[in-house]
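Dear colleague,

I am handing over the model we spoke about, and I would be glad if you could look through it with the notes below beside you. The notes begin with the sheet and then turn to the ligand and the annotated spans.

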Amino acid sequence: RVYKRQMRCRSDIDRLDDAFIAIVKSLIPAEEEKAKQQQLLTLLEKLIIKEWPKARLYLYGSCANSFGVSKSDVDLCLVMEEADVNKAEVLLKLADILQSDNLQNVQALTRARVPIVKLMDPSTGISCDICINNVLAVVNTRLLRDYARIDVRLRQLAFIVKHWAKSRGVNETYQGTLSSYAYVLMCIHFLQQRRPAILPCLQGMEATYSVTVDNIGCAYFDQVEKLSDFRSHNKETVAQLVWGFFNYWAYCHDYTDSVISVRTGSIISKREKDWTRRIGNDRHLICIEDPFEISHDLGRVVDKHSIRVLREEFERAAEIMQYDPNPCVKLFEPY
Ligand code: 3AT
Ligand code: MG
């Protein structure tokens, strides 16, 4: 294996940049779509407040973290006053309310790992999942959004990586590959360890935002508009970063010993986390520490078979970025 290789020739990679930026632009949702999501949120809030006057509804996931492509489902979190409500009961009641208001395909999935109600709004065509009291997801959404505000290249890189993962069939947690959330954390980590760094470590800085959720302290520096200095040092283009990202996961990451940690802005060892062996179904074959729930490895869904698939896909992408005459087509070819 070639561990340190040269990027393909400079003029070649610069030419690619416009093509990547065009792909990103084509994926960004139109303002009109954002307005429709807002309209649905307002409708649902109205219905919910009638039944639970003190409850609040939050957008989370890709519609709120700025990494959402157009036509994404809307993720909503209903936050009830008491922390330990009977979620199944609330979801069934909620499903009832939504059904009688003509929302379609309403379904309460009370036994899922994250219990939700699913629905479709016939007037906008938008599908939506509502979960209960999943406040950590609302807070990690906010962290991702704040990272995206620091440097546009994070959003651009993450759009390309998510688009690649969906095209190649490696964005399916139920098949042992990674969630979109995990891919965005991989992008943030990659930009944190770039030299010069493209992103700082917000949790390593003086906290200006701090909440406690489920006994977990979530604190970080959120006044990112004050970080404008950060932008100037690294001038790499999106195409160079896409090349670097796949090269990193194909040939540079140490899968045996390393955990990527956005929380510390660096790599930590599996030993330190006690993630060196299989416990139950958690195999820790690729380790991605959740920034707040630090005992949580987002790579735990990956098994012996899917780690092979993933690594082969990283290598395929790295090879394409290195040698292919038309990487922007080849990279996203359906599997
Ligand atoms: P898509 O555009 O829908 O693919 P997304 O950003 O909505 O991407 P996911 O569907 O993977 O991402 O997850 C929705 C949100 O739920 C994102 C994150 O705030 C939260 N989340 C997802 N998986 C986890 C996890 N394993 N631990 C904690 N939070 C998670
Ligand atoms: Mg989503």
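Five strands form an open sheet with mixed pairing, in the order E1-E2-E5-E4-E3, where strands are DSSP runs of E with at least two residues, helices are runs of H or I with at least four, both numbered from the N terminus, and two strands count as paired if DSSP finds at least two bridges between them. Strand E1 (56-60) and strand E3 (104-109) stand at the edges with a single partner strand each, so one side of each has no neighbour in the sheet. From one strand to the next the twist averages 20 degrees, angles being taken from 0 to 180 degrees between the N-to-C directions of lines fitted to C-alpha atoms, for helices over the stretch in contact.

This is a predicted model, in which local features need pLDDT of at least 70 and side-chain atom pairs count only at pLDDT 80 or more, while totals for chains, interfaces and linings use all residues. Residues are numbered from 1 along each chain as its sequence is written, and chains are lettered from A and ligands numbered from 1 in the order in which they are written.

E1 and E2 pair in the antiparallel sense over five bridges, with Leu-59 opposite Leu-76 in E2. Strand E2 (residues 74-79) pairs with strand E5 (residues 127-132) in the parallel sense, again over five bridges, and Leu-78 has Ile-132 of E5 as its bridge partner. Strand E4 (residues 116-120) and E5 are antiparallel over five bridges; six residues lie between these strands in their hairpin, where Gly-125 takes a positive phi near 80 degrees.

Helix H2 (residues 31-51) lies across E1, E2 and E5 and runs at about 155 degrees to E1, contact meaning that C-beta atoms, placed from the backbone, lie within 7 Å. H4 also packs on the sheet, touching E1 and E2, at about 45 degrees to the direction of E1.

Around ligand 1 there are 18 residues, of which Gly-61, Ser-62, Ser-179, Ser-180 and Tyr-181 come nearest, a residue being near if its C-beta atom, placed from the backbone, lies within 6 Å. Helix H4 (135-150) and helix H6 (180-193) are the elements that give two or more residues to this shell, and H4 gives the most, with three.

With best wishes

Definitions and conventions: Two residues are in contact if their C-beta atoms, placed from the backbone, lie within 7 Å.
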